[in-house]
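Work through these exercises with the model open beside you. Try each task before you read its solution.

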Amino acid sequence: MANLEAYQEYQRIEDYEEDSPPGEEDLLLHVTEGLKDSWHHIKNLDNFFTRIYHFHQKNGFACMMVTEFFELIQFLFVVTFTTFLFNCVEYDVLFANRAVNHTTPGQNPLDRNKVTLPDAILPSQQCTERIQDSSWIIFLLIMAGIFWLYRLIKVFCNILSYWEIRQFYIKALKIRMDELCNFSWQEVQDRLISLQREQQMCIHKKELTELDIYHRILRFKNYMVAMVNKSLLPVQLQLPLLGNVVFLTQGLKYNFELILFWGPGSLFQNKWNLHPKYKRAGNRLELAQQLSRIILLMGVANLLLCPFILVWQVLYAFFSYTEVIRREPGSLGARRWSLYGRLYLRHFNELDHELHGRLGRGYKPTSKYMNSFTSPLLTVLAKNFAFFSGSVLAVLIALTVYDEDVLTVQHILTAITVLGVTITIARSFIPDEHMVWCPEQLLQCVLAHIHYMPDHWRGNANKSETRDEVAQLFQYKAVFILEELLSPIVTPFILIFLLRNKSLEIIDFFRNFTVEVVGVGDICSFAQMDIRRHGNPMWMSEGQTEASVYQQAENGKTELSLMHFTIKNPRWQPPQESSVFIGHLKEKVHQDAQTGPSTQLLLSEAPLCTSLLSNESGSGPDNLLASVLGHPVLTASGLPGRDRRCSFLPQNTAASAAASVLASLSSSQLPHGSRSRSHSLLPFSSHPDGSMYRSDRTVMDSMSISESHPRSNALVSEFASAEMSLHAIYMHEVHQQSSQPQRTSGQWQNPVPMRDLHSNTSSQARSGHAANTSMPTTLPLGGWTVEEEEDEGEEELNSGPTPKLQGTGSSC
């Protein structure tokens, strides 16, 4: 009965009554009228808008085609060069294990010349014979040749496809190729929306909205973000000794998308419609068994192809990273955002360039936070390893300077290289002696850019457990390379033993969280950013949402995504429920701003705060964030370098500071349901009252359609990002106030460790009243406690038609 109750809670979201006209795929046709190019009734708008976006992001036709051409050449080079190394080189001669006679009839046999490269290369005839004698090599070459021909045909098709997109930019959007780099995506998007009014690219809607275009481009990515948010994909593994490990690679992600979205037997019957049978609950068990078989076949296929993929991965990694490692061994110690981190931190309806820019701004503060953790014992060992290795390396370098013949000694170059790598690795564990230990403040800087942070990180930024969880999002490059090398081996087992067990949950997820939008097709309902259907009462949407605990997005994903999309697309008109939420948020900002520090005080401290937090001269957006992030430090404990530790004030300090800055940027008080809000932040110089920023909708609108102000557009984008960072800080602080009990003795209560979260009972998860309990309920990265699967004998859920929605219109 517990399982039945759980699945009854997990029921289908109610839908709107409007229906999309049937046969959309048959009505969307590309029409050309004589010699006049037109783009009426595009057959596949998903593909069309995606190509337009990629064309803009990859800087036009020439750059895209040259890139694809060199990818073909690169693949051909790797295959050819590898075959040559295995079959055409005499390694006994190259390593001087076998002597080569260079003497002439009148020359002393003991006087031999040095071995040259041509001596170690076999003649072409002998090399060809070796290849022909190996059936295994011939088979691999045939497979590689077939794959290369497939890529060649695909490149040829892309040339034709993107040439049409080039013509579309020039003739329809009136953007010349030499000016493409001066246009932001928002400007291209505005022209697309205007073009829809002239040429009906989509026949079901007279006008397109920004959200419609985002839905088309990000249809499948929004599903992936939602499944990670709901912890549906099996990417977290419990391994002996290692504990909780996140494993998501390019190969595994490719298999997920192949199975669910566009491969043979996928859940979608075309690019924009979920197959009707998955929209009914009556045959959910049968569909789950069918999906399980498809996953099994895909896992077996990956297992059979494992040797070939593994060889390619090893060769590609060898040719790509060996020279970099030799030249810069420390590059392996650099960090990058993991694939899991990019999905976990991604907003709904966030395009690739928006995500990359946001995470790029968060790279430095996250690196500082991760580097602030040091082990005293490891530091002592690293210093001694560096000393001993450096001493030996210094002697070898001195000898080679004195006499270059030392380099001819066997393995001397190898020793120099290994010692250099050892020194570089050892020094990476030695902390900077001038480093300030301030983890809470650094983690707040990280939050300003990444926008998402589990509740139990707050107050525990100095714990190694928190650092380990951040490392799941921000991994070492060496870990990334190792995971990609292991991916061909691990992926089949994840598919066969883990993903298959989630077949029923996946079927239920796509049925429960798929809605049909007129003129767009089937999308993930979370991508609608509907506060009423997917809001979380603990994230300022209390009284405005009807969502059960299963329908709520975790970690405030719905609310933060709504604010992000609204700021990035100021002309978008949100639906009524979203407008009410935005109005409620702005009213609370004004209320909290009345008890906060003055904006003039915050902005006057901004340059110093920026200097303290980033050691760089701050620009306008940097100063804006630093005024909020640095203010608690200055008011609490003075300059942070005095005792090498920064105290952390109660969360309402940062909330009131953020509210003060946000309120000063707002042009007017926002009533319920209205749309007057701050759309952009622009510099305002030489203002007598000392205010440095103001809100100006008119200026922003004029700049967004201008073709001669790329620098100003970039500045507007930076200020929009800073505004979103302030909202993220403020919303997290308010969420903490509503969900966490008050601290006693200046300390937060200990959170539930991530590894113990799955032990929570389902009844506690269904209660949804964390604010009323003495211990806050914390969730792992991704949230959503996994419920037990329903037995096949249990009653099935009520079914209904697919919902149909009217399209809604610096580092610190």
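**Exercise 1.** Which residues in α11 are buried?

Solution. This is a predicted model, where local features need pLDDT of at least 70, side-chain atom pairs count only at pLDDT 80 or more, and totals for chains, interfaces and linings use all residues. Residues are numbered from 1 along each chain as its sequence is written, and side-chain values use heavy atoms, without hydrogens and water.

- List the buried residues of α11: Arg219, Phe220, Asn222, Tyr223, Met224, Val225, Ala226, Met227, Val228 and Asn229.
- Conclude: 10 of the 11 residues of α11 (residues 219-229) are buried, so this helix is largely enclosed by the rest of the structure.

**Exercise 2.** Find what surrounds Glu483.

Solution. 

- Locate Glu483: helix α21 (residues 477-499) holds this residue.
- Look for a salt bridge (a side-chain nitrogen of Lys or Arg within 4 Å of a carboxyl oxygen of Asp or Glu). Glu483 is buried but has none. Arg336, the nearest side chain of opposite charge, is 7.3 Å away.
- List contacts (heavy atoms within 4.5 Å). Beyond neighbours within four places in sequence, Glu483 touches Val246, Phe247, Leu248, Thr249 and Gln475.

**Exercise 3.** Is Leu94 buried or partly exposed?

Solution. 

- Read its relative accessibility: 37%, so Leu94 counts as partly exposed.

Definitions and conventions: Helices (H or I, at least four residues) and strands (E, at least two) are DSSP runs, numbered from the N terminus. Buried means under 20% relative accessible area, exposed over 50%, partly exposed in between (1.4 Å probe, protein chains only). Lys and Arg count as positive and Asp and Glu as negative; His and the chain ends are not counted.
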